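Welcome! Have a look at the sequence and the structure below, and then we can go through some questions together.

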Protein chains: 2
Amino acid sequence: MEGRAARPRIADVARKAGVSKTAVSFAFNSPERLSAETAARIREVAESLGYRPNPVARMLTQRQTMTLGVLTPQALAVIFSNPFFALFSEGVAQAAEELGYELHFISPLHGSLAMAMGRAMVDGVVAIGLSADHPEVGQIEAAGLPMVLVDSDDLPGHSSVVVDDETGARAAAEHLIGLGHRDILILAVEGPQAAGIQPEHHGVSERRLRGYQAALDAAGIGLGSDHVVAGRASLAGGVATFERALAAGIRPTAVLAMSDAMAIGAVRLARERGLRIPDDLSVVGFDDVDLAAHVDPPLTTVHQPIREKGAVAARLLLARISAGASHRPERVRLATELVVRSSTAPANR
Amino acid sequence: MEGRAARPRIADVARKAGVSKTAVSFAFNSPERLSAETAARIREVAESLGYRPNPVARMLTQRQTMTLGVLTPQALAVIFSNPFFALFSEGVAQAAEELGYELHFISPLHGSLAMAMGRAMVDGVVAIGLSADHPEVGQIEAAGLPMVLVDSDDLPGHSSVVVDDETGARAAAEHLIGLGHRDILILAVEGPQAAGIQPEHHGVSERRLRGYQAALDAAGIGLGSDHVVAGRASLAGGVATFERALAAGIRPTAVLAMSDAMAIGAVRLARERGLRIPDDLSVVGFDDVDLAAHVDPPLTTVHQPIREKGAVAARLLLARISAGASHRPERVRLATELVVRSSTAPANR
DNA sequence: GTGAAAGCGCTAACAG
DNA sequence: CTGTTAGCGCTTTCAC
């Protein structure tokens, strides 16, 4: 509730320095409007009092917070443990820093994203993992807060950045098909309603699935509905999901996972079951998280420029913030690319 | 600098609903003071206008921001790419979330931590990686902001949390000595002046070095000054630093690294040079980051409860914030523990 | 149950 | 170059 030692206010400094509040304000914000010595004296007094302008009061009058919001349906703690988010945030942070903006993560507070959003003191928001029809998106829009959507469908009036999921997924499937695989299992990511760890992959999942399908169709390979299983986009999720498929009697020669974490989980489980990777089972991931190159065996995966995605989103938002409502929304689409490493090999049956 | 569509203010809602501003405020904050129907109507009008109480104005009157600051001398982008920080932040986030607090990262703005600190709207600060005599620490103290120091020396009047670095380091060295190693190279972390990637390890480095030394001394093993080389606490830093030692003609049978990242770098370089791990060279890390267990070979390292460190720091801060100045500072010391995996083996010479 | 009025601490015209 | 004077948008006693 309370507790802070009474902080000196601008009036205290003014009194002790024998000047007006304005003078003190100038000493901090426009020193050139004061004589050098007056300014210096004021700052000294301020320092001796331990005065620092109250940032909240200051932004109230300036009407800008100099901070960007990163909106996600994830718990805060997840953001740091999930490599995808960490990388994305790194990109956002980098762009924000360049322009002197700070970052504020907006995630569900007491379970409510709307509540967190209401509290957030930000000049704009980068929303990731929210579909365009998510209620919070409407809330932000109604409030007139600048926003850019990442990995969502387009929303008129707002910039967005997406990645070419479909093409990447298609390349992954084609790679496997080219290696002679015909019995392929797809490890999909759960939609948001299932409280998956990465609900942002909702629309993303569909796009990736479409890519896989396209390649399979083109090769005349049918995909039984039991060959698409969904689970959490985590290592544990990969283990559990693959296990479910195995338990159902599926014995694919290759796995197409929608996230690297799931792919790594599948590799782990496969080995526990005595399968050799890639000899007995080929595995392809998605995202190309840092770890992907360092696991054993190095993972074949679809690279998406996660960090850049964050940076681009932040720049778009910053542009919108400083240009005002006149800013024309842009839709940026970033490319994906298949990276072939050592977790895939020709089918052996 | 402007751009937001004019946001509706409380007065607009009041006018349209035909009530006073107070009523609108009550509708949001103390609905029980209004008739149910009035409250409902007001909220409806508010919603139709897209009104959301200005959070800045609100905290100005309430004099609390409900957000915690995490102060570090690192660039924001580093926080997400550095597993140590990510883990620490995860801990802080978890504790903050429990009490409905948000997190705000305070890192150098335009190169100035002091400036960033001045802008920050927070109720208190968790400072990590700042020595107690760091200027910003004085600034925070003077401003009367609650603060808890992590990995620093004690500062009267403030809670702190540290880890038992010395004991952990000593255990690591003893492990190696027990395996018959007598020619040990220490990969230290650079102090802050050297702009290392983890300046927070400054005092930490000294403590760890003391631990290593103690074990060596006890075993009667001398440590040439050329057997302690410092570098950045990153994989690349590990490679570079170990390379320097090798170039200087050092040929240890074991390496004691002050961070897992450095240890992994050393492993990588050693292999490139044709050394087998652990047969030809034993390597011990420090921190026990998630990755440590998953690299090849799994890394023997000193575990420190990083996540818990963050959580404890946040709880201490939260306690201080709500108890006020009467709160008695606590010093928490967390244990470290040697985790033996597969990167160490008996010396073969 | 509802409203008037006084701030919260600071900034920024506008005079002098 | 310095001071006076209004607010910024909201909360919150204190009357009605």
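**Getting to know the model**

Leaving aside neighbours within four places in sequence, His181(A) is in contact with Leu176(A), Ile221(A), Thr253(A), Ala254(A), Ser282(A), Ala345(A), Pro346(A) and Ala347(A). Please keep in mind that this is a predicted model.

Q: Is His181(A) buried or exposed?
A: The place of His181(A) is in the loop between helix H9 (165-178) and strand S6 (184-189) of chain A. Buried means under 20% relative accessible area. His181(A) has a relative accessibility of 2%, so this residue counts as buried.

Q: Which residue's side chain is joined to that of His181(A) by a polar contact of 2.7 Å?
A: The contacts of His181(A) include Ala254(A), Ser282(A) and Thr253(A). The side chain that makes the polar contact of 2.7 Å with His181(A) belongs to Thr253(A).

Q: Is Met258(A) buried or exposed?
A: Met258(A) is found in the loop between strand S8 (254-257) and helix H12 (260-272) of chain A. Beyond its neighbours within four places in sequence, its contacts include Ile186(A), Leu187(A), Tyr212(A) and Phe286(A). The relative accessible area of Met258(A) is 1%, so the residue is buried.

Q: What separates the C-alpha atoms of Met258(A) and Val204(A)?
A: Along the chain, Met258(A) and Val204(A) are 54 residues apart. In the model, the separation of their C-alpha atoms is 9.2 Å.

Q: How are H1(A) and H2(A) oriented to each other: roughly parallel or roughly perpendicular?
A: The axes of helix H1 (residues 10-17) of chain A and H2(A) come within 8 Å and cross at roughly 105°. Angles of 65 to 115 degrees count as roughly perpendicular. The two helices, H1(A) and H2(A), are therefore roughly perpendicular.

Q: Which element gives the most to the surface near DNA strand D?
A: 26 residues surround DNA strand D, with Thr22(A), Thr61(A), Ile10(B), Tyr51(B) and Thr61(B) the closest. With five residues, the element that gives the most is H2(B).

Q: Which residue has a polar side-chain atom 3.0 Å from a phosphate oxygen of DNA strand D?
A: Of the atoms of DNA strand D within 4 Å of the protein, 60% belong to sugar or phosphate and the rest to bases. For the phosphate oxygen at 3.0 Å, the residue is Arg58(B).

Q: Which residue has a side-chain N or O atom 2.8 Å from a phosphate oxygen of DNA strand C?
A: 25 residues surround DNA strand C, and among the closest are Ile10(A), Tyr51(A) and Thr22(B). A polar side-chain atom of Thr38(B) lies 3.3 Å from a phosphate oxygen of DNA strand C. At 2.8 Å from a phosphate oxygen, the residue is Tyr51(A).

Notes: Residues are numbered from 1 along each chain as its sequence is written. Chains are lettered from A and ligands numbered from 1 in the order in which they are written. This is a predicted model: local features need pLDDT of at least 70, side-chain atom pairs count only at pLDDT 80 or more; totals for chains, interfaces and linings use all residues. Side-chain values use heavy atoms; hydrogens and water are left out. A residue is near a molecule or strand if one of its heavy atoms lies within 4 Å of it. A polar contact is a pair of N or O atoms within 3.5 Å; within protein, one must be able to donate a hydrogen and the other to accept it, and residues adjacent in sequence count only if both atoms are side-chain atoms. Helices (H or I, at least four residues) and strands (E, at least two) are DSSP runs, numbered from the N terminus. Buried means under 20% relative accessible area, exposed over 50%, partly exposed in between (1.4 Å probe, protein chains only). Contact means heavy atoms within 4.5 Å. Axes are lines fitted to C-alpha atoms, for helices over the stretch in contact, and angles run from 0 to 180 degrees between N-to-C directions. Angles under 35 degrees count as roughly parallel, over 145 as roughly antiparallel, 65 to 115 as roughly perpendicular and the rest as oblique.
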